[in-house]
Amino acid sequence: MSFAFGIGIGTQNNQGEWLEVFYPQPIMTPGRELIDVVETALDYKGGNQAIHATAEQLTQFANALRQTDATDQASLAEKAANSKRPVVVTVLETDDTASSTPEVYLKLHLISHRQAKPHGLKLDGIFGLLPNLAWTNEGAIDLNELPERQLKARLDGRTLEIKSVDKFPQMTDYVVPKGVRIADTARVRLGAYVGEGTTVMHEGFINFNAGTEGASMIEGRISAGVMVGKGSDLGGGCSTMGTLSGGGNMVIAVGENCLIGANAGIGIPLGDRCKVEAGLYVTAGTKVALLDDDNKLVEVIKARDLANKPDLLFRRNSQTGAVECKTNKSAIELNEELHANN
Ligand SMILES: CC(C)(COP(=O)(O)OP(=O)(O)OC[C@H]1O[C@@H](n2cnc3c(N)ncnc32)[C@H](O)[C@@H]1OP(=O)(O)O)[C@@H](O)C(=O)NCCC(=O)NCCS
């Protein structure tokens with residue numbers, strides 16, 4: 001049983017190196033029959049391989065696929081045979097560390113298509129395989145070739161618009177998963193997992209290998225590796241601490257029905273039904289005064305000891321400045337009206 005499969009239309013630079021790949025119909029655990037056809041039509045020899053396929057090979061591949069149940073892939077292969085852009089057929093036998101750009105793009109697609117969950121795929125080493133590119137209205141361009149392309153566009157009477165210069169493209173240029181609203185599409189990277197019913201407002205951001213399980217209102221930042229549970233609300237400008245650049249080594253997550261207030265932040269994973277006061281950043285080492293229902297001090301502990309615990313309310317005492325934690329008595333409910341249009 002193979003791990004993943006995709007027919008992709010990509011971009012190469014003048015050296016013939018892959019820059020990016022678009023997989024319209026990636027699949028997890030492709031059937032044996034499909035892989036057998038890849039072996040015969042495309043000379044696939046097993047393992048993890050990204051095969052640059054010619055038009056002739058793709059026509060044969062499509063014809064062979066027609067004899068199987070994989071009719072969707074057959075019609076994609078048939079269309080790909082007429083592509084003006086290079087086509088790659090990628091087979092991952094196992095979820096090993098990726099060794100090529102097309103392999104990385106297949107993994108990122110699987111997450112954004114909701115076929116794999118963040119943390120569900122091996123993504124180590126991907127930065128070295130993702131070239132930093134100019135993402136333009138004419139597609140991805142190698143930065144070394146950019147000045148020439150800009151000049152050519154101007155000489156032809158056009159302007160080359162550069163949307164971003166980055167290793168990751170925006171997700172919506174590759175897939176728009178069902179039932180989401182994304183106010184500013186540049187704020188969600190390919191490889192994000194955007195759960196059904198999620199709204200990402202302009203201030204919201206979702207990195208790769210991160211996302212939301214289901215209905216959520218995201219007006220803050222979901223860092224790489226962070227997963228937000230159903231029904232949780234990330235307030236305007238709030239932050240979830242990532243582990244990529246000097247963050248702690250605890251994997252941050254947000255439970256279900258949580259509220260992280262505007263401009264607040266978390267450096268510990270929250271359990272279900274937790275709230276963080278607007279403006280309060282709770283880091284793992286923050287000393288927290290635990291209060292009982294009468295606001296009496298029970299003990300002082302580090303926030304990391306409260307990781308994953310449900311029903312907590314964190315606030316900074318506006319008179320003493322001490323960070324306090326109480327039992328959260330009013331679990332939040334997402335504003336129904338805001339979500340009615342998803
Ligand atoms: C922390 C928070 C959840 C508390 O809200 P709440 O549970 O409704 O609490 P209240 O404001 O009703 O306050 C309850 C009591 O605690 C006190 N209190 C609240 N915050 C306090 C603080 N930081 N320090 C000291 N006392 C505080 C209130 O004065 C009140 O006292 P009382 O019982 O004597 O009247 C709220 O202030 C908050 O920050 N919400 C986030 C909202 C947000 O940012 N949404 C996203 C928008 S984009």
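## Three domains

This protein is divided into three pieces: domain 1 covers residues 4–129, domain 2 runs over 134–166, and domain 3 takes in 171–339. Keep in mind that you're looking at a predicted model.

How far apart are the centres of domain 2 and domain 3? Taken over C-alpha atoms, 38 Å separate them.

## Around the ligand

Let's turn to the ligand. There are 13 residues around it, and the ones that come nearest are Ala 262, Glu 277, Ala 278, Arg 316 and Ser 318.

Now for some polar atoms. Glu 277 uses its side chain: an N or O atom there is 2.7 Å from a nitrogen atom of the ligand. With Ala 278, it's the backbone that takes part, as one of its N or O atoms lies 2.9 Å from an oxygen atom of the ligand. Arg 315 has a polar side-chain atom 3.2 Å from an oxygen atom of the ligand. How much of the ligand does the protein cover? On its own, the ligand has 960 Å² of accessible area, and the protein covers 46% of that.

## The largest pocket

There's also a pocket to explore. The largest pocket holds about 240 Å³ of space. It is lined by 14 residues, and those closest to its centre are Thr 11, Glu 20, Gly 139, Ala 140 and Tyr 174.

Which elements give two or more residues to this lining? They are strands E1 (4–12), E2 (18–22), E6 (133–136) and E7 (139–142). E1 provides the largest share, with 3 residues.

## Where the pocket sits

Why can we say that the largest pocket lies between domain 1 and domain 2? Domain 1 (4–129) and domain 2 (134–166) both give residues to its lining, so the pocket lies between them.

Conventions. Residues are numbered from 1 along each chain as its sequence is written. This is a predicted model: local features need pLDDT of at least 70, side-chain atom pairs count only at pLDDT 80 or more; totals for chains, interfaces and linings use all residues. Side-chain values use heavy atoms; hydrogens and water are left out. A residue is near a molecule or strand if one of its heavy atoms lies within 4 Å of it. A polar contact is a pair of N or O atoms within 3.5 Å; within protein, one must be able to donate a hydrogen and the other to accept it, and residues adjacent in sequence count only if both atoms are side-chain atoms. Accessible areas come from the Shrake-Rupley method with a 1.4 Å probe; for residues, only the protein chains shown count as cover. On a 1 Å grid over the protein atoms alone, a cavity is a set of points where a 1.4 Å probe fits but cannot get out, and a pocket is an open set with protein on both sides within 12 Å along at least five of seven lines; lining residues have an atom within 4 Å of a point. Grid points are joined across faces, edges and corners, and a volume is the space filled by probe spheres set on the points. Helices (H or I, at least four residues) and strands (E, at least two) are DSSP runs, numbered from the N terminus. Domain bounds come from an automatic or database domain assignment.
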